[in-house]
Amino acid sequence: MEESFGDLKGCQKTYQKTALSQYFAPQKIEEALEILSKYGEEIKIIAGGTDLLVQYYDRLYEINNWLDLKNIIELKKIRISKNQMEIGATVTHSQLENSEDIKKYFPILSQAAADIGSPQIRNRGTVGGNIVNASPAGDLLPPLMAYDAQFKLLSVQKEELIPAEEFFVGPKQTIIKPDQLLTQVILPLPYEKTYDSWIKIGKRRALAIATITLALVVKMAEDNKTIKEARACLGSVAPTPIQIKEIRERMIGKNFNQLDFNQLGQMVEDKISPIDDIRGTREYRKDVAKEIMINALEEVYSSWWRSYK
Amino acid sequence: MTKLIIELTINGKKKKVETTPSTRLLDLIRDDLHLTGTKEGCGKGECGACTVIMNGELVASCLVLAPQADGAVITTIEGVGDDKGLDPVQEAFIESGAIQCGFCTPGMILAAKKMLEENLHPTEEEIKRGISGNLCRCTGYQKIFDAIRLAADRLSSRDGGRGEEDA
């Protein structure tokens, strides 16, 4: 593969659908960006392959050229830098599940990672893959959105930081361009008292594509009484993972005892637009969305109450 | 089709294999290395029949491209146990009757072995989670749980009871 990297010059001209396929596994991000700028749409980036290869075998599309990120060590790191957490794009679900820092600062991201697939899938699948695959049911996406994640996109020309909420535009559709590489997920470290809840509903515990998911993150003001920030994000209820902004507006500035959980649950039910599919009907999803929102609020409330006492 | 050569260590032996960019590790193991203990079930990473241990981690070999395994250290079911005898996990599966058609068994044993390497005193729940990526279509799960429990007990007593304190 090192050898084929040397063949890069002039490849673009001779490339055809039927032509020799190329497999690149560079060690540096810069090399990967070079390759992307030359091949653009004619190359597919592969990390864990747990989504991509299933789609490829189903022949949803042809892939002739591969850009494998496995040798880029930089992308496999989880680190804290100043007041933010930087998660490399090829950090696996197992790493997220087991990282002490993630468990400490972003517990429901760790829990969501633990709910993905099976050991085999968690050991290979990556956070970056979950993001760019952009499934409406992607398990990590609601927690990332609820924690106010930003995605770092690099190309040869420039570096962009895109908030999670602006990244997804439809089922399996994002704003990422063919010459861009998602290199990092950046999460602001919470300095406030934070309470969160993750709920995934699926047909079974392992290897279930979510029927509906909810990530709720509530941050408290210094008095630990007033809600300073609240984000409720859901998966599998719309073309993309979504935040219910009305929840935020309703909760900020309030104390828990000023909130009607039933009403907030109803608000979630009213604001989502799920479809009927093999995993659940629209009606079912609407009913369940309300119930899990109430459950999440109760969980957040009781962990707040335990710490407040 | 583009050919490329990859090098990997499989069951302790170094191998150089000519393959293509889109060959699955599963096919390389079965067709090129003739290690047919690794099975293909669903081909989508859901059944675990193709499970192998790659660089110390349980993976579904149907969801790994051969060049992704370049430089990797891989253990298949053929690498479990040695000339002297079977692995304790294999013995426990036989004694517990944890095999019906046998198709899931290589993957089950590798998943069980990997789990026990990390946790010699698994709870029922942890055993279930450890093999949650492996389906048994004969549905002989109870005997598989029994086998893993038996293997865990034997391995932990062989361990001189070292793990007992944190049990």
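1. A residue is called buried here if 20 or more other C-beta atoms lie within 10 Å of its own. Keep in mind that this is a predicted model. On that count, 44% of the 167 residues of chain B are buried.

2. Staying with chain B, what does its secondary structure come to? I get 5 helices and 5 strands. Read from the N terminus, the elements of chain B go β-β-α-β-β-β-α-α-α-α. The radius of gyration of chain B is 16 Å, close to the 15 Å that the globule rule gives for 167 residues, so chain B is as compact as a globular protein of that length. If you want dimensions, the C-alpha atoms of chain B fill a box of roughly 55 × 35 × 25 Å along the principal axes. As for sequence range, take the contacts in chain B between residues at least 6 apart in sequence: 59% of these join residues at least 24 apart.

3. Now the domains. Chain B splits into domain 1, covering 4–79, and domain 2, covering 88–161. The centres of domain 1 and domain 2 of chain B, taken over C-alpha atoms, are separated by 22 Å. Domain 1 of chain B puts 12 residues into the contact, and domain 2 of chain B puts in 11 residues. Which strand gives the largest share of the domain 1 side that touches domain 2 in chain B? That would be strand β3 (residues 51–54) of chain B, with 3 residues. Sorted by class, this domain 1 side of chain B has 7 nonpolar, 4 polar and 1 charged residues.

4. On to the contact between the chains, where 25 residues of chain A meet 23 residues of chain B. On the chain A side, the elements that give two or more residues are α4 (52–57), β3 (66–68) and α8 (119–124) of chain A. Of these, α8(A) gives the most, with 5 residues. The chain A side that touches chain B divides into 13 nonpolar, 8 polar and 4 charged residues.

5. One helix in chain A deserves a look in the viewer. In helix α3 (residues 29–39) of chain A, Ala32(A), Ile35(A), Leu36(A) and Tyr39(A) are buried. Why do they line one face of the helix? Looking down the axis of α3(A), its buried residues fall within an arc of 100°, so they line one face. The cover over the buried residues of α3(A) includes β1 (23–24), β3 and β10 (181–188) of chain A. Just after α3(A) comes Gly40(A), with a positive phi of about 50°.

Note on methods:
Residues numbered from 1 in each chain as written. Chains lettered and ligands numbered in written order. Predicted model: local features only at pLDDT ≥ 70, side-chain atom pairs only at ≥ 80, totals over all residues. Contact = placed C-beta atoms within 7 Å. Helix = DSSP H or I, 4+ residues; strand = E, 2+ residues; numbered from the N terminus. Nonpolar A, V, L, I, M, F, W, Y, C, P; charged D, E, K, R; others polar. Domains from an automatic or database assignment. Buried ≥ 20, exposed ≤ 12 C-beta atoms within 10 Å, placed from the backbone. Arc of directions from axis to C-beta. Rg over C-alpha atoms; globule rule 2.2 N^0.38 Å.
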